[in-house]
Amino acid sequence: MTTLTRGPEAVRLPAPAPAARRRGRWVTITLFLLPALVLFLLLVVAPMLVAVYSSAFKWNGFGGLPTDFIGLDNFTRLFGSEIFAQDLWHLLVLVVLSICLQLPFSLALAMLLNQRIRGRALYRVVFFAPYVLSEVITGVLFSLILAPDAGMANQLLSVFGIESEWLANPDTVMPSLFIVMTWKYFGFHMMIYLAGRQNIPNELIEAAQIDGATGWKTFRHVTLPLLGPTIRISIFLSVIYTIQLFDLVWILTGGGPSHSSETMAVTMMEWGFKRTQVGYASAISVVMFVLSLVFALIYQRFVMRRDLEGASTSMGGRR
Amino acid sequence: MRRSVVLIAAPMLITGLLAGCGGGGESASPQGEGGSPGKVTLEWWHLSTSEPLKTLWAQRAKEFMAKNPNVTIKATVLENDAYKAKLTTITQSGKAPDIFATWGGGVLQQQIEAGLVKDLSGDVADVLPNFTPAALSAYQFDGKTYGLPTDIGLVGFWYNKKHFEKAGISEPPATWSAFLEDVTKLKAAGITPIALAGKEKWPGHYYWAYLAMRIAGLDALKQAATDHDFTKPDFVAAGQQVKALADLQPFQKGFLGAGYGTPDGQAATMGNGKAAMELMGQWAPATQESAGKGLGDDLGFFPFPAVEGGKGSIGDAFGGGGGLAVGTDAPKEAVDFVKYMTEMENHAKAVEAGGVLPVLKGEESAVKDANLKQVATLLAETTGYQLYLDQAYPPAVGQQVNDSVAELIGGTKTPEEVSQDITEVAKSEE
């Protein structure tokens, strides 16, 4: 999604040059861009157009292109679907939880690991490690840990007299899923924040301290504002990821019990590949795409405006 | 055929049975002057990942290659879900493997309609009478045959005799009300009555399907496939009985998150003696042993009970098997291999090993295991046969049945809503 909206950045021209030279440059640029452009059109744009096209058909995916045109029926059906409404609700829940819990937690850890503490390099590696695992491995791992009967989580927690059905109960499945998501991604966001924090000149912090700012005040009025761009990009990545969330859910719960952890991508997979109503599944993918695109555009236009000066979203960034 | 048209003689010698009509439908003229058979590679996809079939099938392929030196069989063996996913992907791209495992029914029919599956009617006409009708039914549409069966079975209750004894149940229940009573008795004795894999939805759909068969009857299920109406009172009644069972809370703890073959799944729960019964197909004992300890002689089998006042009989069986279909563009040898696999002599080896059940007439004697013998006998005496609903109906409808029954058992939907939901999806397939 981001590549889409940021592409033109690379083609920005320097100050006006003589017409002939400029034409020469264009030829060069076009030639260099051509292979990438062809691949991009073929592998990204073309499938998107095919998806949009097939979303207007009733189609089981077999043989050539679809023929049974039904207009917007797939979309009407989708927006009337209880499951899709639930998918959107789950998206909202996960986004809110991520922004309110996961990201602040990562930020706190990043601040902590920015201090001079013994073995901080080790901590950084350990906290980042889950991010390196593939989603599928994470899923399998946690479906073993969270197994209701013999799972490690319940065995350990039974010492404290706590027991949960985790993924096996519609009421606890979303929090459980969020725990797994957090386990996998907090290290990633922590790393981003850490990098952002290290870009803040120490002079600023020192100056604040000389002015008498205490730890919290320094953080609130110096570090946090200067981390703004980093936080905004981390929220952006987190939301886009959540819109497309699939692998973890598919492995952990398959969207169950009774759709209580289903996401849009899971619903799409169900209809496209298990139920062979590819037209309907395409409609879901189109909605996912539009949702991501609209979010990306609005967010970049209004929230990340200053961070991305010159990107296409601020009208080509003419200056 | 395109790849080698020469091979008419060789397979005839080998498969014997084939002789009469081997080249009947296809005009096979030897190519080149020498008439030496051209090299052929057959792509064979199947999903027999567990023993004894894994080894047996590989042996058959080897033997076939030894007898047909020009043929190379390349087998792709995948686990159930992966197999379905991969086959769906490749068929949607407009291709099919030369030989592939199929369950027949609605899925195969879709592939046939897309022109991906070879009509074998002419090629196999000579061997058709050897098969039992129940085994063949899933692969025949409009009088044409698109595959040959390698396995057939039925779903029924597998139970732990010790647990039944402990709960004071002397005989397996023959009626649904007796069944519900026994569930209560087992619970009272502190035993989990039923193991169920709630995460995988197909095991749950057996309950609804069997109840629909017993209450509404086989014809009603067949009719629903054409009129797309699942809201008839009998179907709702089937849903109500599923709910009546679920309301007794008969399933193991955390069953909504349990898989089937996983280390803490349905089969393991049953195999480790932690539940009294499971409703499952003929492969249940094998999976109980591989996922758990297995019950040995304590394992018993009884058919799904009759429902009082229902239109179906206790002799109607629900299940499915497995068969082999051939891709449209597959060379002639693919058909020969399918026939080779299902010859009495070759197939009986798999039956003897306990990997599959008889699909050929008179093969019953090869069944060794006492429980499987009971299944084989029931199969031979069936009054009617219904293929798994998620295979018999188009995939969208089958999956919706699975989904809806899961919601019914999970308590999020009422029997009426379930009937409505299934009907809605069925209508969308019109």
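Which residues of chain A does the UniProt annotation "transmembrane region" cover? The unreviewed entry lists 31-53, 88-113, 125-147, 173-195, 233-252 and 278-299 of chain A. The views below come from a predicted model.

View 1. Two of the segments recorded in UniProt as "transmembrane region" are 88-113 and 125-147. Residues 88-113 of chain A are 100% helix and 0% strand. The end C-alpha atoms of that stretch are 36 Å apart. Residues 125-147 of chain A are 83% helix, again with 0% strand. Here the end C-alpha atoms stand 28 Å apart.

**View 2. Domains of chain A.** The domain assignment gives domain 1 (1-44) and domain 2 (87-276). Their centres, taken over C-alpha atoms, are separated by 37 Å. UniProt, in an unreviewed entry, lists residues 88-299 of chain A for "domain: ABC transmembrane type-1". Over residues 88-299 the chain is 75% helix and 0% strand. The end C-alpha atoms of this stretch are 18 Å apart.

**View 3. Helices α10 and α13 of chain A.** Helix α10 spans residues 215-243 and helix α13 spans residues 278-303. They pack at an angle of about 170°, with axes 10 Å apart. The angle is over 145 degrees, so α10(A) is roughly antiparallel to α13(A). From α10(A), the contact takes Arg232(A), Phe236(A), Val239(A), Ile240(A) and Ile243(A). From α13(A) come Met288(A), Leu291(A), Ser292(A), Phe295(A), Ala296(A), Tyr299(A) and Val303(A). By class, this contact has 10 nonpolar, one polar and one charged residues.

**View 4. Where chain A meets chain B.** Chain A gives 25 residues to the contact and chain B gives 23 residues. The side of chain A that touches chain B has 10 nonpolar, 10 polar and five charged residues.

**View 5. Two domains of chain B.** Across the boundary, 16 residues of domain 1 of chain B are in contact with 16 residues of domain 2 of chain B. On the domain 1 side, α4 (105-113) and α16 (370-380) of chain B are the elements that give two or more residues. The largest share of that side, six residues, comes from α16(B). The residues on the domain 1 side divide into six nonpolar, nine polar and one charged.

**View 6. Five-stranded sheet of chain B.** This open sheet has the strand order β2-β1-β3-β11-β6, with mixed pairing. Its edge strands are β2 (71-77) and β6 (147-152) of chain B, and each pairs on one side only. From one strand to the next, the twist averages 20°. Within the sheet, β3 (residues 99-102) and β11 (residues 321-326) of chain B pair in the antiparallel sense over four bridges. Phe100(B) stands opposite Ala325(B) in β11(B).

View 7. Helix α2 (residues 53-67) of chain B lies across β1 (40-46) and β2 of chain B. Helix α2 runs at about 165° to β2(B). Helix α14 (residues 332-341) of chain B lies across β1, β2, β3, β6 and β11 of chain B. Helix α14 runs at about 155° to β11(B).

**View 8. Three-stranded sheet of chain B.** Three strands form an open sheet in the order β8-β7-β9, with antiparallel pairing. The edge strands, β8 (277-280) and β9 (299-302) of chain B, each pair on one side only. Direction ignored, neighbouring strands are turned by 25° against each other on average. Four bridges join β7 (residues 156-160) of chain B to β9(B). Tyr159(B) stands opposite Gly300(B) in β9(B).

**View 9. Helices α9 and α18 of chain B.** Helix α9 covers residues 202-215 and helix α18 covers residues 395-410. Their axes come within 8 Å and cross at roughly 85°. That angle falls in the range 65 to 115 degrees, so α9(B) and α18(B) are roughly perpendicular to each other. Helix α9(B) contributes Trp202(B), Gly204(B), His205(B), Tyr207(B) and Trp208(B). Helix α18(B) contributes Val401(B), Asn402(B), Val405(B), Ala406(B) and Ile409(B). The residues of this contact divide into seven nonpolar, three polar and no charged.

Terms used: Residues are numbered from 1 along each chain as its sequence is written. Chains are lettered from A and ligands numbered from 1 in the order in which they are written. This is a predicted model: local features need pLDDT of at least 70, side-chain atom pairs count only at pLDDT 80 or more; totals for chains, interfaces and linings use all residues. Domain bounds come from an automatic or database domain assignment. UniProt positions are given in the numbering used here, feature names are shortened, and annotations may be inferred rather than shown by experiment. Two residues are in contact if their C-beta atoms, placed from the backbone, lie within 7 Å. Ala, Val, Leu, Ile, Met, Phe, Trp, Tyr, Cys and Pro count as nonpolar, Asp, Glu, Lys and Arg as charged, and the others, Gly among them, as polar. Axes are lines fitted to C-alpha atoms, for helices over the stretch in contact, and angles run from 0 to 180 degrees between N-to-C directions. Angles under 35 degrees count as roughly parallel, over 145 as roughly antiparallel, 65 to 115 as roughly perpendicular and the rest as oblique. Two strands pair if DSSP finds at least two bridges between them.
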